[in-house]
Structures are given as C-alpha cells and as structure tokens.
Amino acid sequence: MALDAYQKREFKQVGTRPNRPDGVDKVTGRAMYGADVTAPGMLHAKVLRSPHAHARIRSIDTSAAEALPGVKAVVTSADFGVPEDAFLLDVQDHCMAREKALYDGHAVAAVAATSIAAAKAALKLIKVDYEVLPHVTDLDEAMKPGAPVVQAGRAFENVPAGMSENVTHHCEFGHGDLEAGFAKADHVIERSFKTAATHQGYIEPNACLASVTADGKADLWVCTQGQFFYRTLCSAILGMEASQLRVTASEIGGGFGGKTMVYMEPVALALSRKAGRPVKLVLTRDEVFRATGPTVSSSMDIKIGMTKDGRITAAQARLRYSGGAFHCGTVDFGAQAAFAAYDLDAVRSLGWNVMTNRPKESAYRAPGAPLSIYAVESVVDELCQHFGLDPLEVRLKNAADKGTKSSYGPTFDQIGLKATLEAAKAHPHYAAPLGPNQGRGLSCGFWFNFGGNTCVSLSVNTDGTVGVTEGNPDIGGSRASISLMAAEELGIPYDKIRTIVADTSSLGYNDVTDGSRVTFAVGLATIKAARDAIKKMCSRAAKIWGIDEDAVEWVDGAAVPAGPNAGKFPPMTLAEIAAVSAETGGPICGHHEVNADGAGVSFGVHLCDIEVDPETGATKVLRYTVFQDAGKAVHPSYVEGQMQGGAVQGIGWALNEEYIYGADGKLQNPGFLDYRIPVASDLPMIDTVILEIPNPGHPYGVRGVGETGIVPPLAAIANAVSRAVGVRMTELPMSPPKLQKALAEKG
Amino acid sequence: MKTIQVSTTINGDPVEFICTPDETLLDVLRNRLSLTGAKEGCGTGDCGACSVTVNGRLVCSCLVLGAEAQDAEISTIEGMADGDTLHPLQRAFIEHAALQCGICTPGILVAAKALLEKNPDPTEEELRYWLAGNLCRCTGYDKIIRAVQVAAAEMRGA
C-alpha cells in the first residue's frame, strides 16, 4: 500500500472542533485584509471604465490628467506589452482594454495620485475617443448569424462550421447508443432552461497594495486565493522575473473562486513602477460587479428517457454557456458534471462557449456544474412526477457507484452518492408533512475535486512547538484543519502548532485555493511533512541511544525503541528531541512537495421545503437539509460551514441573484441593494448531515467539501417551487415576477 | 478642500481629528485613525460591514459623515473586548465557528451587541430581522444566529 493511500485508523484530534487560530484576530478587528494596509509614501489609484458595452478605442488623451497637481502616474494599455500567449493576453486585456472596450465597466486607463480625491478628479480629465459598436449581452442572440462579433478570430478549430464567430469552443462527452436508449423509454421529456449570470458576492472588494522599486524589485499585498498564480500572471504581464516579485496574500474576505484571477493587480504594479511609489488600489462595489467575477450565463436543452419503473434509458444535454467577452472553458465542467450522479448506458453532453459583451467569467464554487445539474435534475424530477415515482427512489435506482463508468469518462472508485441518498431517505425531513402552497424538492450534486501542486514546510522548534508553513490562503478555516492534521500525525496537542500562509518568496509553488483542494492536498502534504520530520526525530533519538535508526519508531508524540531487540530506553518526546537538536545535527524540519492526485470526487444531496406566496410570487425557504460526503471531516464545524454556506449561495442563485443588462448593454444592478444576496431573515437554519466514506487517495480519507454544496440547491429549490405551484419552472432566478407570471398563465 | 476639526469619543477615549466635509466616518476611522476593524463592503449602506454605534445607535459608518462625530460617543469593534478579555459574543463566535472569512464579523458583532443591549432575549426571528442588514456570504447565517443565541443566554446568566 502506498504511503499516501488511505489507512483506516482511529483519530485522536482529527474530527474534534478546536478554536480556529485566526479567530481572535477576526473578532477583534485586528485581522489584516486587502484594504487594511498602508505604506510610507503611498499613492491611491482609481480606474477609468468604459461606459459602453462595446466600443473601439480610437485614442486616449491623458495629458490633462497628468498635469493635475497630485497626479503621479497614468497608465493605459500602451504601458503594457502584447503577450504572445493567448490566455495571458486575455488576462491582460481584461485588466486594461487594448483596442476595444468589450463590456460596460471595462478598464481603459488608471491614475495614481496623492489622494483619492485627486485620483477621481484626474479620471474626469482623461479624454477617450470611442467609436461605439453594436453589442450583444444575451448568449442566444450572440449565437445567431449576423450578431455583433465580440472578438474576431477567436474560435477554436473544433467549433462546427457555420456558427457565429462568437462561438469559441465546443466539447462533447458521453458513451453509448442514444437512439436505442430513447427507444427503450416509456416516456421522454425534453426541456430548455436558462440561468442568469451571478456574482460570487464576496463581501471584501478586491484590493491590493503594489510597490515597485527603481531596481525592479516588487512587492504585492493582495486579497487573493492564490498568491503564486498572481505572481505568475503579474510578473509575465509586467515583464518581471518571478523572483523579483514577492506576493503576500492578505486575510481574504471571501473569494468563492472569484479571487483566483487578477483584475487590477497588474495595473497597480504598472502605476507603482511608473510613479516610483507604493500604490493602493481598492475597487468599489460597483466596480466589483461590473468588472470582476461573474459566472457564466447559460441556455440549455435536456432530453431524458425513462422506463415506467424509473430506470433512465438515455440522457442528453446541449449546453450553451457564455463566459463574457473572452474565451471560457467552463462549459466543459458543466458538460462533464451534468450526469455524473447517474449510472447510464447511453449519455451525451455537448457544450458550446459563446462570447458576449460581459465581463470575463471567473470561477464560482464548482464552476459550471450547478447549471447543467439544475437542468438535468429538473427533468429527472418531472419524469418522477409523470410516473408518480418517489424522486429519491428513482435516484437510488440510477445512482452511480463504485465501478460505474461515469458520463465523462473515468470509472468511479469508492464514492458516497448512494450513502447520501440513503441518509436523505432515512431523515425525518423527508417524511415531514407539507402545507398548502408548499413543496418539497431534492437534488443530487457533484464536483470533481482537485489536488494539484502543493508544498509544505514544518519546523520543530526547540521548545517543543511546531510551525507549519503552507501556501494557500485560508478561506474557510483551513489553518485549523492543517494544524489538526499536523497535531494528529505528530502526536502533540493542537495548540502547540501554528500554521501560517507563506508569501511567494518563502515557499515553493502552490496552486490556487480552488477545486476544494486545500484540506485534501495541503493536508496530505502536511501529513507527509510531519512524517519527514518524524523520520528525522527518530534518527536523532537513535543517535542519542546509539542504536540503528530503523530500530526507532514514533508512538504518541515520542520516539521509542521498536521492539525488545532495539534496546531499553525511555521514550523521548518531540520536545525532548527538539531541545537537544543543536547537539544532534541542528534544526529539525520536515518538507513535502507533491502534485497531488487522488482528490476523490464529491457527492451531496439537498432536501428543501419552500412555500410560495400566490399573491406576491415570493418564495420562502422553510426547511433545508444538506447531506454530503466529506470522506473524513477534519474539523466538522467548518465542514458544516462549507455545506451551509454553499447551500445558501445556491438558494440565492435559485431565487434572487442575477446580472440584469439593459438594452444599452449596461449592467443595471451593480450594487447589493439591487443584486440581492440572501440575508439572515430570508432563511431557516440549514441542517447538515456529514457522511464519511473514506477517499482512498488520502492518508486520512479526506475529500474536499468546499464546492459541492452550491450544486444541488438550484434544482432542489426549483423542484420544490415547481411542485408547489404546479408549473415546471425553467428559468433562474425564480424571482417573484417570474412566479407571478407562471401562476397567472396557469390560471 | 477646507478641513473640519472634530472632537469626539471613540471606545471611551477622547479623540481629535480633522476631516474634509465630504469624508465619511468610515474613512475617518480607517484612514485617519487606523481603526480598520470596520470594513467597507459597499459604501452604500447595504452590507453592514462598517457597522459602529454612534451614541448607542447602530449605524453604517459609510453613511455618516466624519463631521457628525463631534461630541458623540462612538463604539467600534476595537472597543468590544475588555483588554484581553473577549466579550461573550466574540468568544461565542470563535467557539461556535460563526465566522469563516471574517470580513463581516466586526460589523455583525457590533450589530448583535447593539441588539442585545435593547433586547437581551431576542427570538430567532427578531435576531434574523435585526441582522438582515449585515451580509455574510460564507456561513449561510446558521452558526452566526446560534452563536448570538449562546452569547445572549450567557449574558442573561441563563
């Protein structure tokens, strides 16, 4: 058995709920987020944004702005090169428009000045000569022949001939004979669905402090989910060597995927380089909505056939996603995830990405999956209604299991789908009575999970405490989980360990905090770094005892002779070995570097009860229960937190949240008043049931839990609402006007 | 722009500052007084991350002018703990995992404290409506509501 393979074991600390190490800082206001730092001589930056959805930039005159007292630097796309790499060029173009402004809010210039007031005044003095072009913000419109072309010549070769130039990408997954499968069905339902783009809605606006010195060294303090990736992008765009740019991740005020991509950080660095002074750039909420984040919008057709006893015979999804004004591969995730919960003989998912005059899509918790799974789970629910079948039984009957060839290719190893479905079936929620205008809905959810590049250093201090240095910003309590796993492996108390998130000059490369990867991959690397340190500590004890190092083993936080033949010595604790480390060979550290595989896919099931007010069309969530497989819940409180937070984000997506564009191509609701995320009074308690079906790819059986929770709510709520009102709802969000209309049409 | 001199009390301490007439109390706290515990999440009074109390009244400090602090008593998150002793709300938030990223936490703690001073035994519904002006995107509010209930019970001696 490989060292990192799952080993069944009893846990002493993993699975407990200690206080998080960053708790006191965060409840006292002491934690330092992106906008909370200053630097001597610091300038303030502001960004000028396009008021047009689509316009050619004929010229930009910055001379009057530059002449304004207090203004120290102005940059436009002319201050950047033109990267050869298409991805990097897109990233840069998104940060600063080059030839065309591609969406309302697209950055066209930026100013650094001695005060925010001076920077704002300077923006008004910048003259941009625009040639306004026809725009398109609706993806179905953008696919039509003759639609305005957002960016020419961007389509990949795999796009079928004859489609609009806005279609950049096509994908296809699946297996089996669809035609034969549909022929076996007793009933086939085919439906079309649409979902609006949403925003991650992190409460902390993007913020950074950039400082470039005359000798080309630079520091960047930034709220990010991935300081190393930001370094890669910023150094490439600025033409710097990676070693000369140190990126430090601040505490992060929410990300959910939205802080995996640079938006204005290269601009802040360019301003600092030009001005020769530190530059702070903090976006406003309006800018956050208009120029960062959003998810794809989607338009989907689903066709599923079922026998009268509830067996799915064939299933097809045609998915059209728009990732804004740039190429976007998120539709691949949607197409791969669509039918992952089902064991199917005939299945096909097809996807197309379409460019529109909207900001560049960024990841949002299980990117792409909530949409396709919403559409699929809606049709499955409608088939259950058609045959009068129990929707949980039907899902159990068709559920993927160990050995199932998944709809996207791989064959599943040990997975927790059936266990979560059984848990939902056995839960009192599923049998509770419903009142008038109320409905119950359920949905399965899935996410791939990810491992990736990971690097951890663990130092044993001479006083018997331990420092863990990891490279992934903590967005949900991961420092607590990492400390718990180190404590478990070393056999010392949790509070003897301090885990910190390193800057890019202090540790090897770590992939972004995404893919629900941190507790899995950083945890795995931490356990192995601890084992590396244990090996060294055993060797030190062997040296002290004068025995072979293979004759020493580690038990409950101490080196002990391995068996009677090794000699008789009292155990040497970690603290005792550490105290004399200077005499036995110097400092003791453990390291581990890995590109981790084996993340282990994640399934969840959500159950919800809702009530629709027939007069206003408003939906109230009455009861909500989340069932999810965590593999092993390292800190159960924060596992529950991920499940609850994901569920509520999904509830917002289902009921309220949407990017609304006017006919002028401008975003109509770039603020929290009009883009309404769920508030405390909208919600009940969110009950959670954690399943623990060990992931074979992790020493403790851990699976990531961060993303799956946002996948099921869209269909769970839609199914509940559709059953409550007696009309199949096919567009998200199901805002009150849409429900009123549906009720009126039903009569 | 002409500046205004303001004398006020923050967390019990006398404070003097100057500000411009259009400067918000939030900007004064964060940029002039280094009290960065109050956060700017929106600048339009929609998110509650900048919550403080002015003469005991809960406000969004992004909607109050710095000049309005003259002769007022202002309380911020930095004044909630008594030295190294955390307020029961602060302790309950840590012990009951009521925060994830923590950006909304200062505002929610200030708001919850203001509620419990008026109503030491709020129902769940009263709590949810009182905190409806404080957005949290991480937790789904469940653990926040429970933590405030725990702290309220402790503060009542229940």
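Predicted model: local features only at pLDDT ≥ 70, side-chain atom pairs only at ≥ 80, totals over all residues.
**Exercise 1. Decide whether V212(A) is buried or exposed, and list what V212(A) touches.**

Solution. 
- Step 1. V212(A) belongs to strand β9 of chain A, residues 207-212.
- Step 2. Count neighbours. V212(A) has 26 C-beta neighbours inside 10 Å. The cut-off for buried is 20 or more. So V212(A) counts as buried.
- Step 3. List contacts, leaving out residues up to four places away in sequence. V212(A) touches A218(A), L269(A), S272(A) and R273(A).
- Step 4. Compare sequence with space. V212(A) and K274(A) are 62 residues apart in sequence, yet their C-alpha atoms are 8.7 Å apart.

**Exercise 2. Work out how far helices α10 and α19 of chain A are covered.**

Solution. 
- Step 1. Take α10(A), residues 330-337. Eight of its eight residues are buried, so α10(A) is largely enclosed by the rest of the structure.
- Step 2. Name some of them. T330(A), F333(A) and A337(A) are among the buried residues.
- Step 3. Find the partners. The buried residues of α10(A) pack against β7, β14, β15, α11 and β16 of chain A.
- Step 4. Turn to α19(A), residues 636-655. This helix has 20 residues and reaches 28 Å from first C-alpha to last, close to the 28 Å expected.
- Step 5. Count its buried residues. In α19(A), 18 of 20 are buried, so the helix is mostly covered.

**Exercise 3. Identify which residues touch the most other members of the largest nonpolar core.**

Solution. 
- Step 1. The core holds 293 residues. V267(A), L271(A), F446(A) and I717(A) touch the most other members.
- Step 2. Ask which helix gives the most. That is α16 of chain A, residues 518-545, with 15 residues.
- Step 3. Follow F446(A). Its contacts, not counting residues up to four places away in sequence, include A337(A), I373(A), F603(A) and V711(A).

**Exercise 4. Describe how chain B meets chain A, and how the two domains of chain B meet.**

Solution. 
- Step 1. Count the residues between chains. 42 residues of chain B are in contact with 42 of chain A.
- Step 2. Find the elements. On chain B, α2, α3, α4 and α5 each supply at least two residues to this side. α2(B) gives the most, with four.
- Step 3. Sort that side of chain B by class. There are 22 nonpolar, 11 polar and nine charged residues.
- Step 4. The domain assignment gives domain 1 (4-79) and domain 2 (88-156). Their centres, taken over C-alpha atoms, are 21 Å apart.
- Step 5. Count again. 13 residues of domain 1 of chain B are in contact with 11 of domain 2. On the domain 1 side, strand β3 of chain B, residues 51-54, gives the most, with three residues.
- Step 6. Sort the domain 1 side. It has seven nonpolar, five polar and one charged residues.

Note on methods. Residues numbered from 1 in each chain as written. Chains lettered and ligands numbered in written order. Contact = placed C-beta atoms within 7 Å. Nonpolar A, V, L, I, M, F, W, Y, C, P; charged D, E, K, R; others polar. Expected span 1.5 Å × (residues − 1). Buried ≥ 20, exposed ≤ 12 C-beta atoms within 10 Å, placed from the backbone. Domains from an automatic or database assignment. Core = buried A, V, L, I, M, F, W, Y, C linked by C-beta atoms within 7 Å.
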